[in-house]
Amino acid sequence: MKVNKPTQVKGHTKSQKWKDVRGRRYRPPVKSTDLNSSPVMARMVKEHQTSVKKKPTVKRLKSKAKSVSDTKKSTPQSGLKKPHTQANGSSAFTMDNDSDDSQDWMEYSQSIKGNGVETPGGMEDVRPGRLEGEALHYCTERNDQQNHAVLVMQKDQTLCFRGKCFLTCLYGRVEVMGFTIEEGQQSYPLFSPASHCPLTIRALESADDTRDDRTEASAILRKYLQSASRKKLLRRVTSHSSVILLEPMETPLTRFLTSFTDLGELFNPPMSELMSAVLDTPLNGLGMIPLATTIEGLNMSNSYRNALNTVVSACRGDMDGCAVILVCGTKNVGKSTYIRILINTLLNHTTSVDYLEGDLGQTEFTPAGCLSLSTVREPLLGPPFTHQRTPEHMIYYGQSSCESDLDRYLECLKSLWRRRSQSRETPVIINTMGWVKGFGFQLLVDMIRFFPVSHVVQLGHSESTQCPALTPEFLRTAHGYQTHPPAQTALDEFTESHSPPRSYVHLIAQSEFQGVGRQGTAKHQRTNEHRELSLLAYLSQLQSPDPGPVRPLNCLTPYQVPHAAVALGVIHCDVAPSHMFYAANSSLVGLCCLGEKVTSRGGPVLLSQAPICPCVGYGVLRGIDMVRGLYFLLTPVDPSILRKVNCLLLGAISLPSCILTTQPGFEGEMPYVTTDYSFDLTGAGKLRVFKGLARPSQIGM
């Protein structure tokens, strides 16, 4: 493919060694602006504040009146020498007798009794559990000038919220979705939209009991808070406290998504949570809305935790080769959430985790319709649409389900596995579809036999029978779609070995969260909406990284690609060659690389069969010029990689309707959008093509 844009070469770092990597990660400072509250939330905040004024809280006034720092006068700030970092991460520094740190320490010492317990109005209210209401006012201080907030949390205290923010751990450590964030690490983006379960921040106990908590915390807080706010929070800090910095977050992704009318409330609580939203807190103006205990965060059953611990312990132990964990289960049992927590937990101990995507409809790192092999190096602290990225290897299947061509699905997975170096020691996680009956169950049997699986984690719930337990004993007599008993060894056709059948650890985890086994019915919670969010997030990469207004896709300059430079194919249905351009115009296409050179006799090159070839990303074919023989293509793929593309594949993955219906600058009828449409026409509506498949009951299985 010929392109005219400058090339950019992206570097990739590879690390395969299993080791403790919770080291120092750095992110450049992010300048954030205030997030505009939605009309609904603004009205609720105003009503809530009015009710609070009518009914003042006696407890807060009493605590404030007894506060020691309020009776003291601030002293002029004096010099503080720069701290010297030591090997253990602590800081050694000297301070003048009249410095703010000295005053803080003096005030603290006056507020301590002989047994080390602070006087009323301080630490006596500390208790584990959810932070909400008055507790957030006691342990949170906001700096309006720098537009951030500092929160002090004690061991096992949690903060469950909706919204988005940057989190930096200043002191101690906290845990989010299984990933431990410690002081000295980079800031991490947290996404808690209404489409998924709300995120929870949990404070962990410090591993160092000997550190001088007050002096260290005072030096840290000086960078982020004014004197009065700093003194208030300092009285709540102990050696087991965690201090976190929360900053507002605005990125091209969030700007692009919220520019659509239907997604304007994406990061606000859904209607079912409005009554439990805690609105009168210092965090609300930062884009975070805390939730009361009536809203359940992530709920993990005992079997769920045991399965996690077993897999992580096995990966950290001495295994013969790398761990290969296959996660399976019926729809809506939390497979994707389990995998994200597992990846995050493993990243506490290793530099990377390999991930093989086998679920076409609910992909993790790409839009739907792709099978991929990715190396994950950063924690996943949000739903899939918040961490779209380009995998190391990807194949465009073109549909959200594989039921029309099972053989091609399995061959794509085998092709991806061959591309992975067999000498890598990195653990591998294999995601599977929620199709666990009939042919879907047979595909699971095949996948366990094809790959060198060491652990099978089978998720379920008590309200349905789902499918049989995929134990090693069951697999010895089970029928797959391509394999049959006696079972072949894992990757037999790849390694040509004839050793006895491989054994693996089978784990069952029961999901017990609210609504398990049922698809969400609230706005943004249905699976088709999740697919649209992932695709929109991918297209948001076309936006400028600099703050500014969102540019709709019809305002962006496309690449010009000659018809003779690339082949064009439709892989989800049969289309007459004369209708190929009509089908492809204004559609989403996969940008693929055929192994052979594309040759043209002067006209467009059309494919008659669906190839299995590498894919480098997605593009929007926004126009076709028949006179000049050009495709007009929009894509975020780097031009240096785009030059290798010689094939455009059209599948059943369509553009979200909001892309077409939201095209500013047009008067009258919008391009590609019509209201004069009839489903009575031949070929109108959704077309299903089945390639001669028969149900197991029809073939005597």
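Me: Between which strand and which helix is the loop where His524 is found?
Reply: This is a predicted model, in which local features need pLDDT of at least 70 and side-chain atom pairs count only at pLDDT 80 or more, while totals for chains, interfaces and linings use all residues. Residues are numbered from 1 along each chain as its sequence is written, and side-chain values use heavy atoms, with hydrogens and water left out. Helices (H or I, at least four residues) and strands (E, at least two) are DSSP runs, numbered from the N terminus. The loop that holds His524 runs between strand 19 (505-510) and helix 14 (527-539).

Me: Is His524 buried or exposed?
Reply: Buried means under 20% relative accessible area, exposed over 50%, and partly exposed in between, using a 1.4 Å probe and protein chains only. His524 has a relative accessible area of 6%, so the residue is buried.

Me: What is the phi of His524?
Reply: Most residues other than glycine have a negative phi. His524 is not a glycine, yet its phi is positive, at about 75°.

Me: And what is the phi of Ser586?
Reply: Ser586 sits in the loop between helix 15 (580-584) and strand 22 (587-592), and with 15% relative accessibility Ser586 counts as buried. Ser586 is not a glycine, but has a positive phi of about 60°.

Me: How many residues of helix 6 are buried?
Reply: Helix 6 covers residues 227-234 and is mostly covered. Its buried residues include Arg230 and Lys231, along with Leu233 and Leu234. Of the eight residues in helix 6, the number buried is six.

Me: How far apart are the C-alpha atoms of His455 and Leu507?
Reply: His455 belongs to strand 18 (residues 455-460), and its 5% relative accessibility makes it buried. Leaving out residues up to four places away in sequence, His455 touches (heavy atoms within 4.5 Å) several residues, among them Val311, Ala314, Tyr504 and Val505. His455 and Leu507 are 52 residues apart along the chain, and their C-alpha atoms are separated by 7.4 Å.

Me: Why is helix 8 called oblique to helix 9, and at what angle do they cross?
Reply: Axes are lines fitted to C-alpha atoms, for helices over the stretch in contact, and angles run from 0 to 180 degrees between N-to-C directions. Angles under 35 degrees count as roughly parallel, over 145 as roughly antiparallel, 65 to 115 as roughly perpendicular and the rest as oblique. The axes of helix 8 (residues 302-316) and helix 9 (residues 335-346) come within 11 Å, and their crossing angle is roughly 40°. Helix 8 is therefore to helix 9 oblique.

Me: Which residues of helix 10 meet helix 11?
Reply: The axes of helix 10 (residues 406-418) and helix 11 (residues 439-450) come within 12 Å and cross at roughly 25°, so these two helices are roughly parallel to each other. On the helix 11 side the contact involves Phe439, Leu443, Asp446, Met447 and Phe450.

Me: What share of the 701 residues in the protein is buried?
Reply: The protein has 17 helices and 26 strands. Among contacts with a separation of 6 or more, residues 24 or more positions apart account for 77%. Of the 701 residues, the buried share is 53%.
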